[in-house]
Amino acid sequence: MKSFWVVSLSLWVGFFTVQCQAKIKEAFTVQKVAPGLYFHLGNHELPNRTNHGAIANIGFVVGKQCVAVLDSGGNREQGRLLKEAIEKITDVPICYVINSHVHPDHIFGNRSFKENGVQFIGHKNLARALQARAIFYTQRAVEQLGINLTLQDIVLPDIAVTDSLTLDLGGRILAITAHGSAHTDNDLSVLDENSQTLWLSDLLFVEHLPVVDGSLKGWLKELKGLSRLQVKRVVPGHGPVLVNWRAALQRQESYLSLLLREVRAMIKEGKFIEQAIAEVGQNAAGQWALFDVFHKKNITFVFAELEWED
Ligand SMILES: [Zn+2]
């Protein structure tokens, strides 16, 4: 009898896993942003046991000699689906996987691309950030995402970008920039010079509330520099590709400036973090997806950042 229940349970678990995989597969499509540049649009969801952390925008650029992957996905399976999508579109080999930053929804598909001839590229601070968070991230993946993620899924960069790096994919140049601490302390952006498309990843959130995990003041500074760029379109880390991208950048800047202003004022008045969480920026609720979860986290982060400033 016991074996009956074990078999039944394992059949159900197996059925559930197949259902989840089918759901991911069904949802996985790539769109052409410009000739040779493709992206998969993520959903505005928290990472959970249904989406297994596959929620961010990911994509790739095809040159004459090389393909560069722009973030590998939120888990091994999504990485594999992205790889399949690339192989359907081109025979050109994958030479590079560019990791925009440390967050799991962007880079936990890395292992599906790990083979000879593929080089992983990240910000000079990425390796340190990955090492610091590896155990936490792998434990959380098992508990919250229901996926078996091990330390082997943490792929450290082969090439670390200190300021900037130019990649030639064969008739196609990618200009990679390592930014100062902003969304995280290891953000890269990638400019595809051919199509004048700027892959901003989580330096820009569209619709989804911006999440501060590096430096609020640093992010505002980076946004000033980005707003001066002349590019045709941008790809955010979450939300649609934009041609009229300056408005989205300003919208994000307004939210981050509001955090800076209001949290700073509360600290000057000697108020505590609990009051800040209850009062700061409530007018912005309803304007962003996932506001309730990430706004509180942002205030907590920003309070710590601003508490000791002169
Ligand atoms: Zn992120």
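## Strand β10 and its partners

In this predicted model, Asp192 of β10 is the bridge partner of Leu174. The strand that pairs with β10 here is β9, residues 173–178. The two run antiparallel and share five bridges.

Strand β11, residues 197–205, also pairs with β10. This pairing is antiparallel too, with three bridges. Asp192 stands opposite Thr197 of β11. Four residues separate β10 and β11 in their hairpin. There, Gln196 takes a positive phi near 55°.

## Burial of β10

Strand β10 spans residues 188–192, and five of its five residues are buried. Both faces are covered. Leu188, Val190 and Asp192 lie on one side. Ser189 and Leu191 lie on the other.

## The loop at Gly42

Gly42 sits in the loop between β2 (37–40) and β3 (58–62). Gly42 counts as buried because 24 other C-beta atoms lie within 10 Å, and the cut-off is 20 or more.

Leaving out residues up to four places away in sequence, Gly42 touches Ile55, Ala56, Asn57 and His238. Gly42 and Asp192 are 150 residues apart in sequence. Their C-alpha atoms are 21 Å apart in space.

## Helix α2

Helix α2 covers residues 76–89, 14 residues in total. From first C-alpha to last, α2 reaches 20 Å. That is close to the 20 Å expected at 1.5 Å a residue.

Notes. Residues are numbered from 1 along each chain as its sequence is written. This is a predicted model: local features need pLDDT of at least 70, side-chain atom pairs count only at pLDDT 80 or more; totals for chains, interfaces and linings use all residues. A residue is buried if 20 or more other C-beta atoms lie within 10 Å of its own, exposed if 12 or fewer, and partly exposed in between; C-beta atoms are placed from the backbone. Two strands pair if DSSP finds at least two bridges between them. The expected span of a helix is 1.5 Å times one less than its number of residues. Two residues are in contact if their C-beta atoms, placed from the backbone, lie within 7 Å.
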